[in-house]
Amino acid sequence: MVTTPSVDPQKLQAVRKRYAEEAKKRQRPEGSAQFLQLSQAHEERLRSLSDDPWADHKSLNAKPSIIRENAVYKAFVLGAGFGGLLFSIRLIESGVATANDIRLVDAAGGFGGTWYWNRYPGLHCDLESYMYLPLLEETGYIPKHKYSAGSEIRQHAERIASKWNLTDKALFRTTVKTVSWDDDTELWTVNFVEGRGPSAAPIEHQIRAQYVYLAAGVLTRPQVPRIPGLHTFSGEIFHTARWNYDITGGSQEDQTLSKLRDKRVAVVGTAATAIGVIPVVGKYAKELYVIQRTPAYVKPRNQQVTNKETFHIDVAYKKGWQFERQCNWNSFLTNSAEPGQKNLVGDGWTDMPGYSAMMGSPSHGVVDPSPENLERRTTAFHALDLPHMEAVRARVEQAVKDPETAEKLKPWYPSWCKRPTFSDTYLELFNEPHVHLVDTDGKGPSRITERSIVVSEKEYEVDVIIFSTGFQVARVGSPASRTNTTVTGRKGQSLDEKWAKVGAATLHGYLTNGFPNLFFSGTSQGTITGNNIMMLNFIANHITYMISSGEKRVGKGKRAIVEVTREAEEAHSAQVAKRAPYFSSVAGCTPGYFNGYGDGVDVTDPEEKGKRERGVVWSEGTISFLKLIGDWKKEGSLKGLKILPARELAYRAVL
Ligand SMILES: Cc1cc2nc3c(=O)[nH]c(=O)nc-3n(C[C@H](O)[C@H](O)[C@H](O)COP(=O)(O)OP(=O)(O)OC[C@H]3O[C@@H](n4cnc5c(N)ncnc54)[C@H](O)[C@@H]3O)c2cc1C
Ligand SMILES: NC(=O)C1=CN([C@@H]2O[C@H](COP(=O)(O)OP(=O)(O)OC[C@H]3O[C@@H](n4cnc5c(N)ncnc54)[C@H](OP(=O)(O)O)[C@@H]3O)[C@@H](O)[C@H]2O)C=CC1
């Protein structure tokens with residue numbers, strides 16, 4: 001049970017009432033349908049805002065093709081972000097495959113995923129880079145700062161691709177369309193379309209693969225709110241995930257946005273991306289209008305240059321330091337640090353125990369789902385969180401001189417409703433005379449005209465509108481829905497249909513019955529770590545373990561078919577669902593992508609509810625989940641996996 005700190009009960013009640021009112025104000029019947037995914041817009045102008053601004057088509061078109069049509073590859077990886085890279089590297093290191101046996105495909109024009117697409121000014125990782133950048137021990141790379149800039153992280157993705165000889169094993173600008181299991185050959189057939197830029201025709205490809213990994217990420221599909229009149233705006237518009245340096249001036253390397261000096265700019269959105277963008281835009285724009293629907297909670301960043309002299313003493317002090325650091329940080333995040341445990345990172349993530357309402361915690365075990373108990377727990381979480389959020393709100397008052405503006409910048413929701421943000425300059429920017437907070441009181445702008453953005457019938461004339469309004473996130477869909485890909489398994493069964501019928505059904509979150517040798521990343525039925533790299537590395541290691549153990553079992557010269565049994569996935573799903581009541585405190589959250597903008601909050605149909613409960617993450621926190629997997633491995637029988645060699649007939653079909 002959560003230990004409740006002593007807070008004034010009346011104050012707690014008043015704050016909770018305010019939280020509930022603010023959340024209600026923001027609920028919209030259309031839920032996540034209030035947004036338009038840019039790539040699906042009817043208007044060409046909006047649709048083109050999702051185009052890749054970074055791909056070097058000329059040099060990519062000049063490269064020899066790395067795809068042999070219809071060839072059989074050992075592993076096919078959808079996504080060349082850190083998830084896809086880590087899996088490929090673990091396969092290579094375990095001896096399951098050489099780099100040459102692997103092909104990665106990404107819609108992006110290069111490695112990095114998130115860090116390829118997002119190049120906006122002010123972009124940094126929001127976690128300490130020493131535990132966010134993967135494979136620092138193996139590459140010997142030392143991040144320049146405590147929080148690395150976006151370009152440094154992208155270059156790190158290129159560095160690790162090069163070190164493991166994957167640079168010329170990835171096909172870029174390429175969209176995977178279908179991934180289908182062939183019952184005869186017992187292989188996956190993958191169809192994908194390689195874009196070649198505006199002046200060359202796309203090429204369709206087909207290959208076959210023994211193993212497939214869907215590493216599609218979550219935050220890849222930029223969206224804008226469906227604000228009436230958006231298409232009539234005659235000025236410039238773009239989305240932060242496709243920053244347009246032609247309009248602003250500067251580049252990712254030189255963030256002097258000189259072309260904004262004579263421009264009136266509106267930034268719509270005030271969450272993690274906007275908190276990075278706004279201080280840089282505010283430095284250059286003639287006038288800046290920050291269009292706020294819900295204030296972010298902003299904590300100090302405390303950026304520091306890495307001391308390379310002491311890095312190997314203070315941080316990288318022994319083999320395995322990075323994983324130790326990640327686990328140490330995670331135990332604070334899940335409110336489960338041992339009394340007296342040293343806080344190695346000591347950042348703004350480790351001083352908000354209430355965030356464990358979202359991250360899970362081992363301190364609770366399986367939660368009694370009675371309404372009285374859930375209400376007691378929610379109260380306890382609010383009490384745990386209150387001192388933190390009070391400090392966050394007090395910080396606004398200290399930073400912002402105008403009391404009215406400060407009041408509007410205060411966040412009224414518990415910490416677990418949104419990802420925290422970190423900045424030492426964002427709040428202070430509102431003291432500048434050319435920076436205007438346009439608070440929409442939870443509503444958003446009412447319309448856009450040819451020259452202006454309109455809030456509460458007041459028109460703000462602007463030259464540029466920058467949308468910092470996030471990404472389309474599929475919360476309940478199958479791993480295929482996140483990739484916009486059709487995945488069909490044994491006997492033509494569709495992965496989407498399986499999820500629609502029974503809800504999530506996996507072993508440990510990463511493979512499902514009827515889809516042999518297919519693996520996917522994600523948090524559903526797995527674990528959420530706060531540090532996505534920690535999670536992606538863990539998934540890559542775990543899947544590789546299953547594959548390499550399967551290969552050992554079938555013996556040399558045979559092709560392994562690794563599949564979870566239906567009983568095992570049902571057993572895991574039941575364990576996850578049993579723990580779902582833990583997350584009841586999240587139900588009252590202000591809408592956001594964490595709760596699908598309220599989609600399905602009021603689901604009462606028991607069958608539908610049951611499906612949703614199966615889809616949550618392991619509620620007892622990451623360290624507990626790692627123990628679950630550790631115990632599963634120790635048991636030694638690969639319990640729940642059916643591992644067989646491919647049939648002789650299947651071999652012949654391939655030959
Ligand atoms: C701006 C921003 C900052 C972030 N900062 C942090 C941070 O500081 N700390 C943190 O822990 N997390 C952060 N994240 C989350 C971040 O997404 C993860 O940390 C991590 O980089 C995800 O890696 P991934 O490989 O799983 O997915 P991604 O990096 O998203 O890569 C997936 C790739 O799959 C490709 N893809 C998807 N579908 C298809 C298809 N059908 N065909 C071909 N290609 C496809 C996409 O183009 C994409 O390039 C941030 C996210 C954003 C948007
Ligand atoms: N390393 C880092 O520092 C960063 C990490 N990230 C990661 O990416 C995730 C996504 O972040 P982000 O890109 O900021 O997207 P989010 O989805 O978190 O935020 C979208 C923003 O747009 C606002 N918005 C939506 N519709 C409207 C509207 N009609 N009018 C006005 N405002 C509107 C939202 O307000 P409302 O809250 O009211 O919905 C919110 O402020 C983060 O949670 C984090 O995981 C992103 C950037 C930086």
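User: By class, how many nonpolar, polar and charged residues does the shell around ligand 1 have?

Analyst: The model is predicted. In all, 35 residues surround ligand 1. Among the closest are Gly83, Asp126 and Thr483. By class, the shell has 16 nonpolar, 16 polar and three charged residues.

User: What percentage of the area that ligand 1 exposes when taken alone does the protein bury?

Analyst: Start with the polar contacts. A ligand nitrogen is 2.7 Å from a polar backbone atom of Thr483, and a ligand oxygen is 2.8 Å from a side-chain N or O atom of Asp106. Taken alone, ligand 1 exposes 980 Å².

User: Which cysteines form a disulfide?

Analyst: The cut-off is 2.5 Å between cysteine sulfur atoms. A search of the whole structure finds one disulfide. Its sulfur atoms are 2.1 Å apart, and the pair is Cys417 and Cys589.

User: How many residues apart in sequence are the parts that Cys417 and Cys589 tie together?

Analyst: Cys417 lies in the loop between helix 15 (403-408) and strand 13 (421-422). Cys589 lies in the loop between helix 19 (566-578) and helix 20 (606-614). The pair therefore ties together parts whose separation in sequence is 172 residues.

User: Is Cys125 buried or exposed?

Analyst: Cys125 is in no disulfide; the nearest cysteine sulfur, that of Cys327, is 18 Å away. Buried means under 20% relative accessible area. Cys125 has 2%, so it counts as buried.

Note on methods
Residues are numbered from 1 along each chain as its sequence is written. Chains are lettered from A and ligands numbered from 1 in the order in which they are written. This is a predicted model: local features need pLDDT of at least 70, side-chain atom pairs count only at pLDDT 80 or more; totals for chains, interfaces and linings use all residues. Side-chain values use heavy atoms; hydrogens and water are left out. A residue is near a molecule or strand if one of its heavy atoms lies within 4 Å of it. A polar contact is a pair of N or O atoms within 3.5 Å; within protein, one must be able to donate a hydrogen and the other to accept it, and residues adjacent in sequence count only if both atoms are side-chain atoms. Accessible areas come from the Shrake-Rupley method with a 1.4 Å probe; for residues, only the protein chains shown count as cover. Ala, Val, Leu, Ile, Met, Phe, Trp, Tyr, Cys and Pro count as nonpolar, Asp, Glu, Lys and Arg as charged, and the others, Gly among them, as polar. Helices (H or I, at least four residues) and strands (E, at least two) are DSSP runs, numbered from the N terminus. Buried means under 20% relative accessible area, exposed over 50%, partly exposed in between (1.4 Å probe, protein chains only).
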